[in-house]
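Subject: Structure for you to look over

Hello,

Here is the structure I promised to pass on. Please open it first and keep it beside these notes.

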Amino acid sequence: DGGQTFTHHPLAGGDNVRITDVVMNGNTGYAVGWKGMVLKTTDSWNTFESVGNNFGTYFSAINFDADMNLLAVGWQGTVVKSSDGGVTWINKTVPSYDIYASSFAGNTLWIAGDKGLIQKSTDNGTSFENLFVPNSRATYYTIYAKSDDEAFVTGKTSGNIYHTINGGESWETYTLPGVSSSKKFYKILFTSDQIGYVFGYADYCAKTTDGGATWNFLANNFQSSEKIFTAKFFDDNTGFVAGINGNLYHTTDGGNSWDYIALETDDIRSISFKDENNGIITTDDAQVLYTHNGGLTAADWSVSTEDENEHILGSYFDGNIALTCGYSNNGGNFGNSWALMSSENNGESWDEESFADLTFNPTRLTSITCTGSKYIVTGKNGVILSENAAVAPSQPDLFISEYIEGSSSNKAI
């Protein structure tokens, strides 16, 4: 009636969801908002329905194009298009999600990060397919792929571990009880088809013995206020985990008990082993430690020679070549100095690897894996680097979202 009266639809988008924009074409309309929310009406909002979709972040605005496809924009520099009424959204830009984890199995590379980001690639990282867990826009810190079709992902998920067996088309949820929304899982891995572990805050580390169908908490035999960031297992029962303040732990009984090894470094962010004797550890204070005899005591670990002075977050062994990735040494991390390193002597000394400058983004690399033919390095602001495997990386192909986020309302792409 020309604005004389309005009908209120309280909580139409759900609890704690902001609706940011509405678009109409006759009686058909769409509303979008936070947490990937899409509402649709065909009768001018007398009735409406929620549209399940694969959009992983927060919508800011929506409109129709000349062909009546939906165009939307959102957080992290996202521009997306839908030709099926908001169910499937295709990226028209590379969004600047922070990518925290990667995993490879079969012929498929999986990555995960913030705002519910899950993607997979079957062409060595040249292109990616968007996946998402319905009703979850959580930050995922860890992902583990068992095959082309089966993967697990978790993070700051209130105790939820998400599991797919059909390539990400659908996800099952297992919830570990009592894990609050502030707690995080940082590492999930499987040592065999049936045995797997998930690590994070010490009270909530868990193990599965049935392939991930159920999970049970491990006894907390760690130091006070421990957070476990990384793990490396050699078989179902034997492995290392590491966390804050240089705390390293070793088990030979599947996590029932742990031998404590105090390395007196900053937080340990990654562990990689070439074999049971030769391994490396990377830390938040830019140290790489190496061992040539298994690393079962603090005396077995020595400090490497390298010139990185920022966080070193990821590591990987490819035969006799060890690789690490982290933040660059440059001011504000704008530049690539020492962000990638390689070693050909089992971690004793390191060389800087070069790659194309990130035009606007700081270089903050978070994980490294190998697809068999390609090294894949991921990082914050959606950075993905790739390079042929079996040799140290140099001048990689670069896929990047160039996004600068300012303070308050001062944001720019």
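First, the ground rules. This is a predicted model, so to speak of local features needs pLDDT of at least 70, side-chain atom pairs count only at pLDDT 80 or more, and totals for chains, interfaces and linings use all residues. Residues are numbered from 1 along each chain as its sequence is written, and side-chain values use heavy atoms, with hydrogens and water left out.

**The pocket**

The largest pocket holds about 1200 Å³ of space. A pocket here is an open set of points on a 1 Å grid over the protein atoms alone, where a 1.4 Å probe fits, with protein on both sides within 12 Å along at least five of seven lines. Its volume is the space filled by probe spheres set on the points, which are joined across faces, edges and corners.

The lining has 41 residues. A lining residue has an atom within 4 Å of a point. Ser102, Lys187, Thr230, Ser367 and Ile368 lie nearest the centre. By class, 22 lining residues are nonpolar, 13 polar and 6 charged. Nonpolar covers Ala, Val, Leu, Ile, Met, Phe, Trp, Tyr, Cys and Pro; charged covers Asp, Glu, Lys and Arg; the others, Gly among them, are polar.

Several strands each supply at least two lining residues, including β17 (185–190) and β33 (365–370). Strands are DSSP runs of E, at least two residues long, numbered from the N terminus.

**Two of those strands**

β17 is mostly covered, with 5 of its 6 residues buried. Buried means under 20% relative accessible area, with a 1.4 Å probe and protein chains only. β17 pairs antiparallel with β18 (residues 196–200) over 5 bridges. Pairing takes at least two DSSP bridges between the strands. Ile188 stands opposite Val198 in β18. A hairpin of 5 residues joins β17 to β18.

In β33, 6 of 6 residues are buried. Its antiparallel partner is β34 (residues 374–379), joined by 5 bridges. Thr369 stands opposite Ile376 in β34. This hairpin has 3 residues between the strands, and Gly372 in the turn has a positive phi of about 100°.

**Cysteines**

How many disulfides does the structure hold? There are 0. A disulfide needs two cysteine sulfur atoms within 2.5 Å. The sulfur of Cys370 is 13 Å from the closest cysteine sulfur, in Cys325, so it is too far for a bond. Cys370 is buried, at 10% relative accessibility. Cys205 is buried too, at 1%.

**Aromatic rings**

The whole structure has 26 aromatic pairs. Rings of Phe, Tyr and Trp (its six-membered ring) pair if their centres lie within 6.5 Å; planes under 30 degrees apart are stacked, over 60 edge-to-face, and the rest tilted.

Phe152 and Trp215 form an edge-to-face pair, because their centres are 6.3 Å apart and their planes at 80°. Phe152 sits in β14 (residues 151–156) and Trp215 in the loop between β19 (206–208) and β20 (216–217), 63 residues apart.

Phe222 and Trp258 make a tilted pair, at 5.4 Å and 40°. Phe222 is in the loop between β20 and β21, and Trp258 in the loop between β23 (247–251) and β24 (259–262), so the pair ties together parts 36 residues apart in sequence. Phe222 is buried at 10%, and Trp258 is buried at 9%. Ring pairs also link Phe222 and Trp258 into a cluster with Tyr197, Phe199, Phe233, Tyr249 and Tyr260.

Best wishes

Methods:
Helices (H or I, at least four residues) and strands (E, at least two) are DSSP runs, numbered from the N terminus. Buried means under 20% relative accessible area, exposed over 50%, partly exposed in between (1.4 Å probe, protein chains only).
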